Amino acid sequence: MFPGRSLESLTVTRSRLFFSCALLLCGLAVYHHLGAQGTKSQTQWIWFGVDAKEDQTVYFRKEIVLKQRITSARLYGTCDNKMTVYINDKPILSSDNWESPIFREVTSHFSTKGKLASEQRCVVAVKAQNSDGPAGLLLRLELQSPKGGKVIVSTDDTWRATEQAAKGWTEPGFDDSAWAKATVLAPLGGGPWARINEGTLTGAAKFKKPTATPIELIKVKKDFKVEHLYSVPKETQGSWVSLCADDKGRLIASDQYGKIFRITPPPIGGSAEDTKVEALPVDLGEAHGLCWAFDSLYVVVNEGRNVKPRGLWRVRSSKGDDVLDTKEHLRTLDGSGEHGPHAVILGPDRNSLYVCCGNHTKMTKLASTTVPLHFKEDYLVPRMWDASGHAVGILAPGGCTYKTDRDGKNWELISMGYRNHYDIAFNKYGDMFTYDSDMEWFMNLPFYRPTRVMHAVPGSDFGWRSGTATMTVGYPDNLPSTVDIGPGSPTGVTFGYGAKFPVKYQEAFFICDWSYGKLYAVHLKAEGASYVGEAEEFMNGSPLPLTDIAVNPVDGAMYFAIGGRNTMSGLYRITYVGKEPTQSPAGTEAMPSAVGTRQKLESYYNKKDPQAIDVAWPHLANKDRFVRYAARLALEFQDPATWQEKALKESNPIALTHALLGLTRAGDKSLQPRILEALERIDWSKLTPAQKVDVLRVYELAFIRMGAPDATWKERVGKRLDAFYPSPVREVNVELSRVLAYLETPGVVAKSLALQAKAPTQEEQIDYALSLRIVKSGWTKEEREKYFNWFHKAATYRGHNSFHGFMRNIRADAVKSLSEEERTALKEVLANVPQPQSPKFTFKERAFVKKWEVDELAPVVEKGLVGRDFDKGRNLFGETKCFACHRFNNEGGGTGPDLTGVIGRFNARDLLESLIDPNKTISDQYAAIVVTTTDDRLITGRIVNLAGDGIHINTDMLDPNKIVTVNRNLIASIGPSKVSLMPSGLLDTLNRDEILDLVAYLYSRGDRNHRMFARP
């Protein structure tokens, strides 16, 4: 590791610390001579000229001539926005946070033994970069001689500066006479950097040298061992974001913004100091994806800063001597950054490659597809783009997964509709899985989706659309997740095959969460044509920004890297040290017959085959959602003229629904009246809630894809659906409100406002607000007032970055729908603009009932729950504030665990204990941490994000935006909190029957048809 790499202080700028600054002590520059007489210069902010430019890089240097031996050298500084400091051509530190000056002890770079035989020439050099706004560099070097003489070398107008660096500029003796004199902008404590004064500058000496997360802060499952093998020197090897193993048991890693490295790990049981790291000689890097296959290294170049073009490359040895020195560009992928092209892996046929790309990557040219290419946005009411501006204008297909050959020539679209999946992996049956990201800014909004594990079958669309247009999970034209994880930042994934682990973990799907520092083992079980699963927290750390994971086929260990976004990076190894057998299981179990049915239907994708219609048709009514989906897609690949009459005359209501769904997507617009007429044959009363949503989705697609209905059909459909509104089921009500609002059906306003008033969650209330904002007719003045007054209530709700922006925009849309007469009548109401307030959420105040004890309630619950009320349980989940922090059945907050699946692992006593006394047992996964800093601060909360040396901590479960940023160099200690973030006494305002309804609701996992709710 490079000595002293964590000192991040020497720079000059005005906005944010962003890149690197270079201070040079050069031959023809102005010299500082260290003689018997000490000198001191005033520390000043400098730059290249008075006015900084956006994305500007400036090179600085200063030369010093030493006449005496140096016994102490201390460097302080900062740069707005970013800098890297060199002493005598060696990188010393980097910094990207100008508000936190950096200190580094640099004596070793100046000290010599005994007296100096002659004058010694030294250079301090800085590469500085401004992102935007003002820019400046501020450095101070304090040199001490044996006799007490002290010289201070500070940034001033004797420094040299240029925007064009030349070879050798960081070395002593470089001729910088053609460089300009640095421009002094302000003294220390002046200019736009007034907060940086003598105290804050010299206070940087308290900074600690950071290392990769130490082992004592990492918790792993019993009988597993984690070793820290290597801390990555940021100045020379960057921050590693991708990892793979080659066929010789070595690892290959890539810096997010730099080179590719090959790592030879020590033998199991060996010393971490024997870890060997070497840069590949090939000029390639900035990779989010690495894969060793066909005696080649495949590389997905993402950033494209120094390596172009972005996309898939192949690296090989030109002489067959294990030296990877030849690169070949295979396919350009148009995207970059954290939502650009990502992983590349070997296909299950061992003869193909699969590549995944985030939603900011444009679709590449295709040779074939398993996804019908008539996909669209498919959102009925006007879309609202992200209020904070993310992904505005980006349309379907969103994130995609492709299959290609080993030469990267022919590309096939396999799966789409992701937000930003970073990696993919295949199980032993050849089924592909991935872990997709959430949009955390949408937390507590109805269109928020948690991070999710997905079974990525061919032809799948998982429904990501930008802004409010993301598909509802229950829509039949997208597929559901296998396991919902919750808030996080998905990165690398792998199956445990090849690891010398117990069989349970060999077959687990391991997924990395970067922001919360979690490694989950997802245990999958075949069910129907797909899988069900359960996520187990396998390892966690704070901070532990996991970037990628790989099983080494030679030593049977699992390796993982941490880093990304210029955070401190490291390499680790996991081994099993328990006594369970670790041999691989013999053979594989037979898959359910539904899998074969699905695969048979998938064989008709992307081709015209007259047999497809007869094969697919019986499965349109299949009980398995994945089979129904595959049957419909098989039809959509056929000419709709060959099956539209069969669809329109179908008598089975389920088959009819899905045949018409396919017809709205692939058929001619002229079929709309016949489709609407066919829908009227379906008996609404005999449908399940999910089937009702399917039918409503067909209505939506008939209007989205085939145009607005004429006046006759508008009235006819509105009258039919209004008879079913409101429904007892929230999901059905939301879709009815949307369709009826689109149709301007009389009465939709009053019914929707009534539902909004009694909805227990802010998500449901917002759903009605979104629908009502477009309704122009049928309002009374009182109803308009009630609607606009609701926004004052919503101002007390909480979500992430975009939450209140969406609230403003929904209200603004509603105002646009007003007539001039309504604007005049509502002048006072409209003038009273809501302002975000302290959180009150959706619960109502309740009176204290009693202090409940576990022993009092457990026998009642253990006896069995019958005749309970689902809707009362859901309402109580809101009234007791649970929805504020927890997600359940696709609604609620995200700072606590998603209770939909988690709750199934609790017995009655454990569940009641967690509700009554949350401090008794605190889950590692959601435990708070306590951070103590060198400047005597104490911060308690959860680490939710990292950037450079900044660690972002959420300090309030009720407010996702309540974030404190701590510089990791100022951290004295990190440890777990002994107090749960979950408040106590949540059940003390409930009576016995209410507690039983709430517990039944939790145990139901959101299924209102569970036997607990059956009436005796």
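In this predicted model, four strands make up an open sheet in the order β21-β22-β23-β24. Their pairing is antiparallel. Strands β21 (287–293) and β24 (326–332) stand at the edges. Each has a single partner strand, so one side of each is left without a neighbour in the sheet. From one strand to the next, the twist averages 20 degrees. Strand β21 is joined by six bridges to β22 (residues 296–301). Within this antiparallel pair, glycine 289 has valine 300 of β22 as its bridge partner.

Another open sheet has five strands, ordered β15-β38-β37-β36-β35. Here too the pairing is antiparallel. The edge strands are β15 (218–220) and β35 (490–495), and each pairs on one side only. Neighbouring strands of this sheet are turned against each other by 30 degrees on average, direction ignored. Four bridges link β35 with β36 (residues 509–513). These two strands run antiparallel. Proline 490 stands opposite aspartate 513, which belongs to β36.

Strand β9 (residues 120–130) pairs with β4 and with β6. With β4 (residues 56–66), the antiparallel pairing extends over eleven bridges. Valine 65 has arginine 121 of β9 as its bridge partner. With β6 (residues 82–87), the pairing is again antiparallel and covers six bridges. Valine 85 is bridged to valine 126 in β9. Is β9 enclosed or open to the outside? Eight of its eleven residues are buried, so the strand is largely enclosed by the rest of the structure. Buried here means under 20% relative accessible area.

The loop between β33 (460–461) and β34 (483–486) contains serine 481. The side chain of serine 481 makes a polar contact with the side chain of aspartate 484, at 2.6 Å. Beyond its neighbours within four places in sequence, serine 481 is in contact with Arg452, Val453 and Met454.

The largest nonpolar core holds 112 residues. Which of them touch the most other members? They are Leu660, Ile675, Leu679, Tyr787, Phe788, Met807 and Ile810. Helix α10 (residues 689–706) gives the most to this core, contributing nine residues. Leucine 679 shows some of the contacts involved. Residues up to four places away in sequence are set aside. Leucine 679 then touches Leu660, Val695, Val698, Tyr699 and Arg720.

An α-helix has 3.6 residues a turn, so residues three or four places apart point the same way.

Notes
Residues are numbered from 1 along each chain as its sequence is written. This is a predicted model: local features need pLDDT of at least 70, side-chain atom pairs count only at pLDDT 80 or more; totals for chains, interfaces and linings use all residues. Side-chain values use heavy atoms; hydrogens and water are left out. A nonpolar core is a set of buried Ala, Val, Leu, Ile, Met, Phe, Trp, Tyr and Cys residues joined through side-chain atoms within 4.5 Å. Buried means under 20% relative accessible area, exposed over 50%, partly exposed in between (1.4 Å probe, protein chains only). Contact means heavy atoms within 4.5 Å. Two strands pair if DSSP finds at least two bridges between them. Axes are lines fitted to C-alpha atoms, for helices over the stretch in contact, and angles run from 0 to 180 degrees between N-to-C directions. A polar contact is a pair of N or O atoms within 3.5 Å; within protein, one must be able to donate a hydrogen and the other to accept it, and residues adjacent in sequence count only if both atoms are side-chain atoms.
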